[in-house]
Amino acid sequence: MASGAALTWTLTDGVAVVTFDLPGEPVNKISRAVKQDVLATFEALERDRAVEAVAFFSGKPDSFIAGADIAEFVEIASAAEAERLAADGQALLERVAAFSKPIAVGIHGACLGGGLEFALACRYRVASDHPKTQLGLPEVQLGLLPGAGGCQRLPRLIGARAALDLILGAKVERAAQAFRLGIVDELVHPAILKDITLAAAKRMARGWRPQRRRRGGLLAWLLDRNPLGRRLVFRTARRQVLAKTGGNYPAPLAALEAVEHGLRHGIREGLKREAQLFGQLAVTDVSRKLVQIFFATTALKKDFGIPSPPPPVAVSRLGVVGAGFMGAGIAGTAVAQAGVDVRLKDAGLPQVAKGLAAAREVLDDRLKRRRISPYEYTRLVAQLSGGESYAGFGRAELVIEAVFEDLAVKQAVVREVEGAASERAAFASNTSTIPIHRIAEAARRPEQVIGMHFFSPVARMPLLEVIPAARTAPAVISTAVAFGRRMGKTAIVVKDSPGFWINRILTPYMNEAGHLLAAGVAIEELDQLMVHFGFPVGPITLLDEVGMDVAEKVAGVMHAALKAGRLGRKAGKGFYRYSGGKKGGVDAAVYELIGTQPNGGPRPAEVIQRLVLVMLNEAARAVGEGIVRSPRDGDIGAIFGFGFPPFRGGPLRHADDLGAARLVGELERLAERYGARFAPSDVLRDQARRGTKFYS
Ligand code: T1G
């Protein structure tokens, strides 16, 4: 048994079985030290004449290699240093690719970034057909690009279009899809992964060469394998990237250039350009912000929001009361993601049937996108049931209500659920505005009551606000957080106060949009300016998405639209027209309704300033009141909750970048002109005085 710190190997019938298992770490990651280890190990394997081939595995239970060690990027001081880091990674994988003995790799678990680049440098890839086995090059999500040869090797293996689709979209594919794409050569049951990989290594040692069939037929020939077709592919991809990123994210464009340059000038030149571009990206503020978000989200994966959290109750059955849009979304996502039994209840069978159908759509979508297999689909659909009574709620460890946003209705539901569910069951309200302690007032067991505020559409929105009331038991908090995570959500624990965190900072922003409409700014311009600022959609489109009835607390001018039944997309009319669910242009009739005309209003820079500063100011005020436990929670909440631009790091990071003194100055000027709603919060005044920030 020969070993470096992270790599060990044994010899079996001429095949060196190498195991990568980084001591003391939950996942394997490629740091500078690991690179030395790999180099030393491969030198030993080269020297050892008994070694005829290599079979490479991870020693981790559910992760292969999670890529380069992202923590090392934080310390990078210059583009040149980052370029060297990438070039070193390339040199290491060149060594692997040119290794004199065949290497087969057996992949089980996450195989991402540098981990997949390593596998691509090996001669043969076998993957386990297991939900945990996921493959991708998600570097653009960190504001980077695959810098260890991924932009060169992947397009050469699966074609330019398929490679760009994966790299530019930071897509992570399940093993079955990776097999269909040709990224892996064999897909096997996890139990035989080792044997099959070893057998492949032995076959290659005896001279067998893997035959990879050309994929994609005529279209692939036309577009992937000839320069003219490829030019069209790159031009289209560039246009799509710009449309999607608004030019705010340089990484996808750089990755595109690295792929194009390599296919045009050969792999050597491609690798050089790839390392150069990686270097430039690694020192950008955008990448720094996205790396901070990565570490904030992984830290939040372990944070239950309370000191020394009791172990959560394992939920195997969920009860959902209210089969409307939110209730059905919660039910469908809970089955699809957490795999629990779900019992859906509503006042009448027609509502229940409609809710169950909507919940099943979440599963249909997962099946269509091959996120679950037909077998899994059938099994999960069977776990979804419903009725007009509380039958089946007795065995639920958790019940979530998503009924009409009315205190009396919610209090009645608490009483009913306490009558039907076990004493130990936790009761969560999906209210977006009503204080949880008010709902708990009707409970016989208020310590079991908590808020779990999901965002619409539930299946797609990653954030969950968990809102404990003063009497909520710690075990109920950890149960709600843990279950939210099983539903694939990032959970932040926030204070039980009007609007919690998200609506608290979103409402002034929406209000200001109303004021700007009244001041004559056109609806499209308002939305375009905020999309340009980096939001996925503008405030008015967001209103139409959320629905005026849900957002009724926003500024007066919007009330007219609400009264006229313009609830937004779900009503087929709002500020924009909708046909067949598709958003059309602005419905000009809405201007008359809200009593204003799009005749100009303030200049674009001021429009953005008013919308952003009123939100940052409220966010500062809310942090001062302890609505969120840390700026980290606040920023991740805003980014995942309503799409605050990730490249700006979230409202609090953005406030730090602008600086409190400047913010206070600009807010005071706006307050003089437009009123007290812009009066700087004490938190910002204090920061300006003491020169402090949210993040030290
Ligand atoms: N580097 C450093 N730390 C990492 C890491 C990485 N690549 N991946 C995970 N961790 C840490 C994480 O912070 C946490 O730490 C612990 O491992 C467990 O993670 C040259 C440039 C692999 C799917 O983008 O997506 O390769 O909090 O809680 O839910 O081209 O982590 O315990 O101290 O998330 O099971 C590209 C990032 C890198 C993948 C596991 N790779 N990781 O999820 O556990 S750039 C990625 C993930 C690159 C090359 C380039 C997930 C995971 P701690 P976890 P999990």
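This is a predicted model: local features need pLDDT of at least 70, side-chain atom pairs count only at pLDDT 80 or more; totals for chains, interfaces and linings use all residues.

Colleague: Which residues come nearest the ligand?

Modeller: Gly114, Glu117, Glu139, Lys301 and Lys302, out of 26 residues around the ligand. Being near takes a heavy atom within 4 Å.

Colleague: What does Glu117 do there?

Modeller: A polar side-chain atom of Glu117 is 2.6 Å from a ligand oxygen atom. Lys301 has a side-chain N or O atom 2.7 Å from an oxygen atom of the ligand. With Gly114 a polar backbone atom takes part, 2.8 Å from a ligand oxygen. A polar contact here is a pair of N or O atoms within 3.5 Å.

Colleague: How much of the ligand does the protein bury?

Modeller: 75% of the 990 Å² that the ligand exposes when taken alone. Those areas are Shrake-Rupley values with a 1.4 Å probe.

Colleague: Which element gives the most to the shell?

Modeller: α13, with three residues. The elements giving two or more are β7 (110-112), α4 (114-121) and α13 (285-300). Helices are DSSP runs of H or I with at least four residues, and strands are E runs of at least two.

Colleague: Switching topic, how do β2 and β3 run?

Modeller: Antiparallel, with six bridges joining β2 (residues 7-12) to β3 (residues 15-20); pairing takes at least two DSSP bridges. Thr10 sits opposite Val17 in β3. Two residues separate the strands of this hairpin, and Asp13 in the turn has a positive phi of about 50°.

Colleague: And how many residues are in the largest nonpolar core?

Modeller: 92, with Trp501, Ile523, Leu526, Phe575, Phe642 and Phe644 having the most contacts inside it. Helix α25 (residues 604-624) gives the largest share, eleven residues. A second, separate core has 79 residues, including Phe99 and Leu120. A core joins buried Ala, Val, Leu, Ile, Met, Phe, Trp, Tyr and Cys residues through side-chain atoms within 4.5 Å.

Colleague: Last one: is Ile30 buried or exposed?

Modeller: Ile30 counts as buried because its relative accessibility is 13%; buried means under 20%, exposed over 50%, partly exposed in between, with a 1.4 Å probe and protein chains only. Ile30 is in the loop between β3 and α1 (32-47).

Definitions and conventions: Residues are numbered from 1 along each chain as its sequence is written. Side-chain values use heavy atoms; hydrogens and water are left out. A polar contact is a pair of N or O atoms within 3.5 Å; within protein, one must be able to donate a hydrogen and the other to accept it, and residues adjacent in sequence count only if both atoms are side-chain atoms.
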